[in-house]
Number of protein chains: 2
Amino acid sequence: MELWFTERHTPYVNFSIKVERQLYTAQSEFQRIDVFESREFGRFLTLDGYMMLTEKDEFIYHEMITHIPMAVHPNPENILVIGAGDGGVVRELTRYQSPKCIDLVEIDELVIEVCRKYLPKTACRLDDPRVHIHIADGLKFIRSCENKYDLIIVDSTDPFGPGEGLFTKEFYGSCYNALREDGIMVNQHESPFYAADAAAMQRAHKRIVECFPISRVYQAHIPTYPSGHWLFGFASKKYHPVTDFNPTAWTLLGLSTRYYNAKLHRSAFSLPTYVEELLRDVEPQ
Amino acid sequence: MELWFTERHTPYVNFSIKVERQLYTAQSEFQRIDVFESREFGRFLTLDGYMMLTEKDEFIYHEMITHIPMAVHPNPENILVIGAGDGGVVRELTRYQSPKCIDLVEIDELVIEVCRKYLPKTACRLDDPRVHIHIADGLKFIRSCENKYDLIIVDSTDPFGPGEGLFTKEFYGSCYNALREDGIMVNQHESPFYAADAAAMQRAHKRIVECFPISRVYQAHIPTYPSGHWLFGFASKKYHPVTDFNPTAWTLLGLSTRYYNAKLHRSAFSLPTYVEELLRDVEPQ
């Protein structure tokens, strides 16, 4: 017998992983949650059938969404993480000394429970005393925050279903207000390659550029996401992600990473010409 | 009816493309050759069932294997291209004024014929008067060349089947001898992500490092290759790919590109930590 998980990356492209067994499946109030065991990727989590993370390549996504802003902000003490119930972002954040308070806002409590049980490699630091878990809609949670956070990491799903509100202009405006005067927001920014993903990327970029004085996009190779070419947004009130980055200071922290490094930090912001053009098309002239 | 092409990226990972129709299939003396028509990727060419190029993303591979060395060498006049019967590398090379002679060595004449007929977007410049097509085994062809070329581009298939000889130490040594005193060799260098590809990458790197005084690896996002994370090798007798690169001079050429640009040139050599480690593992200490 062969058991295969398939995700439709577009109506004409399938990505399939051979599965040893299904470890968990349930329908929560918000979405279908599955965990599978595979030879190639170890365990992997899907929400509504979309790949969220695999044990083999989650380090790329979590390092790149976390270390880039942490290496730019000189003293990130108060941090808000939206989504990210799998704990991967929190795991990377808690490796730093600077955070005093990490608010984790996840809409679906069951995601956290499932990840604690089945994905301990990512959920391993959710009990850090600095981490405060809020089961809430990120869009609503942030409305009441003002001038509070040094860093907001938006670890959303795709812009449909439960994650849809995290791609709206209202949400980005609320993030702006929730940040201190030198605050940074980083978000998962979809992909430039397939048409529907590129359109979502352009919509998000247009809205972020309208809210923040500094807005740059950076990239990483994430093999289990559609096309493998994934983007992140870096939006900021004060710090520039490259010119305000101090590679020596970050290197002196002595953190061991498998994807991110100080040289790659700058390079991740050098985008292919066609991606630059897609972004420029939605920036104000 | 649905018709799907599937490539097994590993024994546990499939990548599938919905096909409108098969345009061509034949068994040549060396390999099975197929051309398909698809909605997502336009036409695509496979050899022995492995993806060689699609009309949608071939620009990434061909720009990155061509413009990086062309932007480093100050005056590449004599160029050898091995493999590349699809004409994509030649198309990019012929956009420059400097080449006086481009030798294209392809082992399988039928690949050239098929690409001329079914893939005119890549094969469009094979009739440029500077291009000389040799139907020959690259490994044998290069044995008789000495101090002849400014640039050798090794656009090989994977290191098994007809392309196997293009990954041997003998071949890289012959390339070294065939290059002038400031010559550059660039090769497709497999991928770091899946175990078998990473092993092939390490083997190639070890052999190239042993032959050339300067050897660096650079990367690109190529969605239709396994994991989407693809590498190229830059081996050189004299020029360093980053410090000897003059971005202003290249930009002044006024070439229009969709992936490559002067900023990305430098960044492509900043590799993820795990890739740097894989390479370092096979470099002499």
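Predicted model: local features only at pLDDT ≥ 70, side-chain atom pairs only at ≥ 80, totals over all residues.

Reply: Residues are numbered from 1 along each chain as written, chains are lettered from A and ligands numbered from 1 in written order, and side-chain values use heavy atoms, without hydrogens and water.

Me: Which strands stand at the edges of the sheet in chain A?

Reply: Strands are DSSP runs of E, at least two residues, and helices runs of H or I, at least four, numbered from the N terminus. Two strands pair if DSSP finds at least two bridges between them. Seven strands of chain A form an open, mixed sheet in the order S8-S7-S6-S9-S10-S12-S11. One side of each edge strand has no neighbour in the sheet, because each has a single partner strand; the edges are S8 (131–135) and S11 (214–221).

Me: What is the bridge partner of Val217(A) in S12(A)?

Reply: S11(A) and S12 (residues 229–236) of chain A run antiparallel, joined by eight bridges. In S12(A), Val217(A) is partnered by Gly233(A).

Me: At what angle do H6(B) and H7(B) pack?

Reply: Axes are lines fitted to C-alpha atoms, for helices over the stretch in contact, and angles run from 0 to 180 degrees between N-to-C directions. Helix H6 (residues 169–178) and helix H7 (residues 195–211) of chain B have axes 9 Å apart. Their packing angle is about 35°.
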